Amino acid sequence: MTRTITVGLDGSPASLAAADWAAHEAQLRNLPLRLVTAWEWQAPAFAPATGLGVPVPPGELQRASAQHLLAQARSRVGEARPGLRIDTDEIPGLPVPALLKAAEEAELLVLGSRGLSKTAGYLLGSVSQAVLASCERPVVIVRAAEHGEEEALPATSEREAAAVSDHRDVVLGLDLHKPNDAVIDFAFDAASRRAARLRIIHGWTLPPYYYGGELMPDMNDDMVKRSELSDVLRPWQDRYPAVEIHAQATIGGAGHHLVDTSYDAALVVVGRQTRRAAVGAHIGPVTQALLHHAVAPVAVISHD
């Protein structure tokens, strides 16, 4: 089975930005691009919709709308990348199960953010969040592009796409207590394909005895964390010798540090442990904070 870079479309500016980003990623990985959208079948109402006296089942209208959306997106993406193979597929059913099914055959699932507010910084929509919480494949969330956010904008050529990504870091949020090979490898691979620097951030919390106000963190704490980072990353540096890395251990939660770095990053990569919470699928506080406030595309890698 040929893997694809799959994009879920709903016609929003964010989903179109996701299609542009995914097309660039498909070229980097030399994979086909698959554009999908979901439409929910409804029982025929047979009420004339055109004034011509021809009854049209609502489900057919929805399917026609889905086909039109896919055709527009394919034209938009294909015009900038004539050599890219682009497949389209309209999937009957509710968006969340349809996208999860489509992801099973994907190397990567790309979705647009919804409902972004400059005031609240809110990024993730209900469909994207539900898919992300249950998907076992890597998922990238892309926000609608604004002026200056080049990584999410459509590139007019492969040369332009390469130039856009070269000057921005790929950022990895790394948990030293539970480092995961799939998450680390995804980040190194993304940086390698973009010829970009990989910036690695680990947030750590001071021991309780520092909070009494009498003691301050000493250099040994920082040196220990840096040593642990080096030990974890050494095999990946050997595997990707061309990737320049900049690793840092920061005091405090990693979430706000990752949000800050997202403003000038090409991509932010984090992991999501696959487990179920009492009220449903679990995303995790760091990933949740990043998805709600990040500017750059965010790749979430599910792992056991």
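First, the ground rules. The model is predicted, so local features need pLDDT of at least 70 and side-chain atom pairs count only at pLDDT 80 or more, while totals for chains, interfaces and linings use all residues. Residues are numbered from 1 along each chain as its sequence is written, and side-chain values use heavy atoms, with hydrogens and water left out.

**The overall picture**

The protein has nine helices and 12 strands; helices here are DSSP runs of H or I with at least four residues, strands are runs of E with at least two, and both are numbered from the N terminus. Of its 304 residues, 46% are buried. Buried means under 20% relative accessible area, exposed means over 50%, and partly exposed is in between (1.4 Å probe, protein chains only). The accessible surface is about 15,000 Å², and carbon and sulfur atoms account for 53% of it; areas come from the Shrake-Rupley method with a 1.4 Å probe, and for residues only the protein chains shown count as cover. Take the contacts (heavy atoms within 4.5 Å) between residues at least 6 apart in sequence: 76% of them join residues at least 24 apart.

Strand β1 covers residues 4-8, and five of the five are buried, so the strand is largely enclosed by the rest of the structure. In a regular strand, side chains alternate between the two faces of the sheet. Here Thr4, Thr6 and Gly8 point one way, and Ile5 and Val7 the other way.

Two strands count as paired if DSSP finds at least two bridges between them. β1 pairs with β4 in the parallel sense over four bridges, and Ile5 has Leu108 as its bridge partner there. Four bridges also join β1 to β2 (residues 33-39), again running parallel, with Leu35 as the bridge partner of Val7. Getting from β1 to β2, the chain passes through α1 in a right-handed β-α-β crossover; right-handed means that, with the strands pointing away from the viewer, the path from the first strand over the helix to the second runs clockwise.

**Salt bridges**

Side chains of opposite charge can pair when their charged atoms come close. A salt bridge here is a side-chain nitrogen of Lys or Arg within 4 Å of a carboxyl oxygen of Asp or Glu, and that rule gives 13 of them. Three examples:

| Pair | N to O distance |
|---|---|
| Glu25 and Arg29 | 2.7 Å |
| Arg29 and Glu107 | 3.9 Å |
| Asp189 and Arg193 | 2.7 Å |

Glu25 and Arg29 sit four residues apart in α1 (residues 13-29), about one helical turn. Glu25 is buried at 2% relative accessible area, and Arg29 is buried too, at 12%. Glu107 is partly exposed at 28%. Glu25, Arg29, Glu107 and Arg194 are linked in a salt-bridge network.

Over in α6 (residues 181-194), Asp189 and Arg193 are likewise four residues apart, about one helical turn. Asp189 is buried at 16%, whereas Arg193 is partly exposed at 34%.

**Helix α9**

In α9 (residues 285-293), Thr287, Leu290, Leu291 and His292 are buried. The buried residues of α9 pack against α4 (126-134), β5 (139-142), α8 (254-261), β9 (265-273) and β12 (298-303).
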